[in-house]
Amino acid sequence: MTFARVIVDVPSKNTNRPFDYKIPEKFESVVQPGVRVIVPFGPRKIMGYVVALTNESDFDKVKNLSEVLDVTPALTEELLHLGKWLSKQTLSYYVSCLQVMLPQVMKAKYRKELWKLTESPLDSELDRVFDGRAVLDYEEFDASGVSYHTLRKHIDDGEVDVHYEVKSRETKRTTRMVQPALDEMELLGFLEDLSKQAKKQKAIVEYFTEHREPISKKQLLQTLSTTSASLKPLIKDGVLKEFDQEVFRDPYQDREFERTTPFELTEEQAEAIGPILKTIDREQHDTFLLHGVTGSGKTEVYLQSIQKVMDKGEEAIMLVPEIALTPQMVERFKGRFGSKVAVLHSALSAGEKYDEWRKIQRKEVQVVVGARSAIFAPFSNIGLIIIDEEHETSYKQEDRTRYHARDVAIERAKRHHCPVVLGSATPALESYARAAKGNYQLLTLSKRMNDATMPDVEIVDMREELHEGNRSMFSRMLKEKIEDRLTKGEQAVLFLNRRGYSTFVMCRDCGHVSECPHCDIALTFHKRQNRLKCHYCSHEEPMPTECPECESKTIRYFGTGTQKVEEALEQLIPEARVLRMDVDTTRRKGSHERLLTKFGNKEADILLGTQMIAKGLDFGNVTLVGVLAADSLLNLPDFRASEKTFQLLTQVSGRAGRHEKPGEVVVQTYTPEHYSVDLASEYDFDRFFQEEMRIRKAFNYPPYYFLTLITVSHPNQLKVQEVTTKIAQFMRQKLSDQSFVLGPTPSALTRINNRYRYQCMIKYKKEPEQRKLVERILHYYEDEMKQENGLQIIVDFQPYQ
Ligand code: ADP
Ligand code: ZN
Ligand code: ZN
């Protein structure tokens with residue numbers, strides 16, 4: 001083939017199609033669909049993805065490819081097609097969709113440079129910056145203070161050019177290896193010829209007459225306590241040879257995983273796994289919803305289904321929410337499948353992630369366990385895709401390419417003719433509704449393993465506590481139960497929902513609240529640094545000593561951050577050893593694991609934390625779970641508030657009494673009568689589903705209607721209002737009867753980083769129709785959206801997952 005069709009790495013409307021490049025002879029054997037290349041594009045060189053090869057080009061002037069970055073294609077043909085599909089689904093550029101499938105390090109970074117093309121002097125200022133050099137780092141120019149206008153003039157005159165150099169951040173690691181170049185007989189012969197003085201060489205040759213395998217140079221020299229000087233002559237004489245071997249960084253190399261064997265399945269498990277195995281056998285696509293209470297043995301069902309896939313020589317993708325990808329979870333997969341498992345999650349370094357990804361690409365593993373983006377694992381023979389905790393919000397990517405891993409999974413499974421298993425104790429309403437309609441096949445595990453029961457849940461009405469004069473954030477019952485565990489040497493987990501809470505600063509005299517000057521939001525108080533920070537932009541300031549409004553000194557911080565709970569706990573039960581786990585204490589790599597290990601070793605009595613402790617934890621000694629404020633989620637302006645509350649309460653309760661000792665749960669709330677609190681305490685998913693579906697129907701919410709959220713932002717508030725109003729009007733006019741357009745309304749955070757945000761929400765039945773309309777809107781505002789700091793329109797299909 002003569003030409004390569006390339007999608008260049010410039011996300012824009014004009015470049016959202018392939019460009020043709022001629023393939024120079026030297027690259028002919030390596031250029032194939034899916035490889036990354038460097039191509040000239042206008043005055044610069046940029047990265048691109050080959051999507052097809054062709055013998056003819058419709059373009060007149062076709063330039064040569066400059067560089068090929070891959071030998072093995074970075075993207076399989078299936079992934080190239082999937083990217084196309086994804087681009088249609090999310091209305092994002094094709095290249096952005098290809099990007100989202102690759103590890104961070106494979107997305108090339110560019111260095112911007114200025115090239116002086118002439119010998120004659122430039123503007124004196126600019127000449128001083130160049131300082132006799134021919135190439136100048138753009139950053140240096142930027143910092144020099146010379147005006148862009150001056151630069152522009154020279155560029156227009158053809159005296160200076162802007163170049164983009166690809167700065168690859170790929171970090172392959174290699175190690176130097178040594179191995180014999182002669183066969184055994186030849187080696188022995190050589191050994192006899194060695195003179196007496198060559199004692200060291202003799203030792204090396206002796207070593208290799210015994211060991212024929214390559215060994216790392218470093219290790220060899222260490223073993224024989226010699227230096228590379230003694231190795232050199234042997235390599236020169238052609239007795240040994242050296243080569244570089246790629247080494248994979250293995251984040252788990254220091255860990256021993258105890259091998260486990262499959263359990264004999266219970267009757268319920270056997271019934272659930274039957275249809276899955278059958279589908280794997282037939283290589284047919286089907287979507288299963290495995291609804292099983294926590295501890296009912298879902299994971300064992302996953303493991304045995306995966307085993308079947310591996311026995312067939314096929315591959316499996318296992319998705320787990322980021323925060324549930326705990327060491328315990330990894331252990332279960334590594335323990336069962338050993339080195340056939342790759343693990344992908346955000347706590348790995350960029351290099352480690354790249355290496356895990358390469359193991360998948362090189363087919364050294366058959367299973368990947370990973371968070372959301374692992375759905376794009378470059379396997380070519382997928383036999384099963386599993387999504388555990390399928391209701392989790394983290395499966396939806398919330399920026400740029402707004403995909404949902406569940407949708408991608410089903411799409412990939414169709415292409416591979418393999419089943420998808422969605423598992424959860426509290427399935428998303430949409431999924432359960434699809435199962436109820438027969439679109440998904442419902443499989444149920446209703447009993448916990450080993451006859452364990454779900455813990456009893458006590459609901460405490462915090463209004464009553466207040467009535468009785470208890471102003472603390474701990475009810476009397478919770479306090480008593482914590483103390484009881486302390487005396488028994490058992491442990492407790494206290495859960496505080498992070499969302500909906502912040503530690504804001506308020507003046508008690510005039511009610512003034514410290515807000516970010518750039519965003520419409522209260523600043524959060526950080527006690528350790530005694531500073532106020534905005535969580536939406538980078539603004540921070542010192543904690544004021546007096547009110548900026550009325551100069552009163554009675555300025556206090558409010559709210560119930562984990563830090564504040566920790567302090568209250570210290571006062572209430574001073575003898576308790578508390579471990580706090582939140583974004584602040586888990587920022588550093590590995591700290592998450594360290595805290596959990598500490599708790600597991602019983603070095604603390606109480607684990608206090610946010611969302612991140614709600615999942616996956618499995619400690620036998622935890623017999624009490626306290627939920628400090630169950631309402632914090634209910635009060636979010638989100639139609640899923642009840643669903644999320646139900647899911648969270650159920651998850652948290654599942655953390656107690658997982659082993660022999662029975663567990664108890666105390667839920668503190670100001671709205672004990674709310675059905676999601678009440679039904680979660682009874683573990684009654686079916687009734688919750690009925691109740692919630694009734695409400696969704698009455699208010700035209702999913703799963704009865706599709707939703708699209710359009711958010712408009714711009715530095716000028718009037719402009720935002722105007723555009724959003726126009727969009728809403730257009731949608732009202734064009735959409736058919738069964739739709740509703742809500743808004744425009746200011747977004748919950750009306751101003752972020754000095755940009756105003758308004759939104760409108762569309763509820764609709766006919767998907768293709770409204771998608772076309774949205775495309776027209778984006779097309780209409782295209783020019784305004786291109787301007788720097790200009791209009792931004794964000795379209796989110798199926799928001800608030
Ligand atoms: P889930 O994923 O639904 O929370 P798990 O698969 O973690 O449930 O199972 C709960 C516990 O029961 C685990 O400790 C697991 O090892 C054990 N288990 C699972 N299946 C069986 C079985 N068939 N026989 C005995 N123990 C089992
Ligand atoms: Zn004041
Ligand atoms: Zn801010």
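Predicted model: local features only at pLDDT ≥ 70, side-chain atom pairs only at ≥ 80, totals over all residues.
Residues are numbered from 1 along each chain as its sequence is written, while chains are lettered from A and ligands numbered from 1 in the order in which they are written.

Let's start with helices. Two packed helices are described by the angle between their axes and the distance between the axes. Helices here are DSSP runs of H or I with at least four residues, strands are runs of E with at least two, and both are numbered from the N terminus. Take α10 (residues 267–282) and α11 (residues 298–311): their axes come within 10 Å and cross at roughly 25°. That makes α10 roughly parallel to α11 (angles under 35 degrees count as roughly parallel, over 145 as roughly antiparallel, 65 to 115 as roughly perpendicular and the rest as oblique). The axes are lines fitted to C-alpha atoms over the stretch in contact, with angles from 0 to 180 degrees between N-to-C directions. On the α10 side, Q269, A272, I273, I276, L277 and I280 meet E300, V301, Q304, S305, K308 and V309 of α11; contact means C-beta atoms, placed from the backbone, within 7 Å. Sorted by class, the residues of this α10–α11 contact are 7 nonpolar, 3 polar and 2 charged. For these classes, Ala, Val, Leu, Ile, Met, Phe, Trp, Tyr, Cys and Pro count as nonpolar, Asp, Glu, Lys and Arg as charged, and the others, Gly among them, as polar.

Now look at α6 (residues 184–193) and α7 (residues 199–210), whose axes come within 10 Å and cross at roughly 155°. That makes α6 roughly antiparallel to α7. From α6, the contact uses E184, L187, L188, F190 and L191, and from α7 it uses K202, V205, E206, F208 and T209. The residues of the α6–α7 contact divide into 6 nonpolar, 1 polar and 3 charged.

Helix α11 turns up again at ligand 1, where it supplies the largest share of the shell, 3 residues. There are 14 residues around ligand 1, and the closest are F263, G297, K298, T299 and M449 (a residue counts as near if its C-beta atom, placed from the backbone, lies within 6 Å). The shell has 3 nonpolar, 8 polar and 3 charged residues.

On to single residues. T76 sits in the loop between β5 (67–68) and α1 (77–90), and T76 counts as partly exposed because it has 17 C-beta neighbours inside 10 Å. The cut-offs are 20 or more other C-beta atoms within 10 Å for buried, 12 or fewer for exposed, and in between for partly exposed, with C-beta atoms placed from the backbone. Leaving aside neighbours within four places in sequence, T76 is in contact with G34, P378 and S380.

Finally, some backbone details. In the loop between α23 (685–698) and β30 (706–714) you will find P703, joined to P702 by a cis peptide bond with omega about 5°. N700 is in the loop between α23 and β30 too, and its phi is near 55°, a positive value in a residue other than glycine. Another cis peptide bond runs from G743 to P744, with omega near 10°; P744 lies in strand β31 (residues 740–752).

Key. Contact = placed C-beta atoms within 7 Å.
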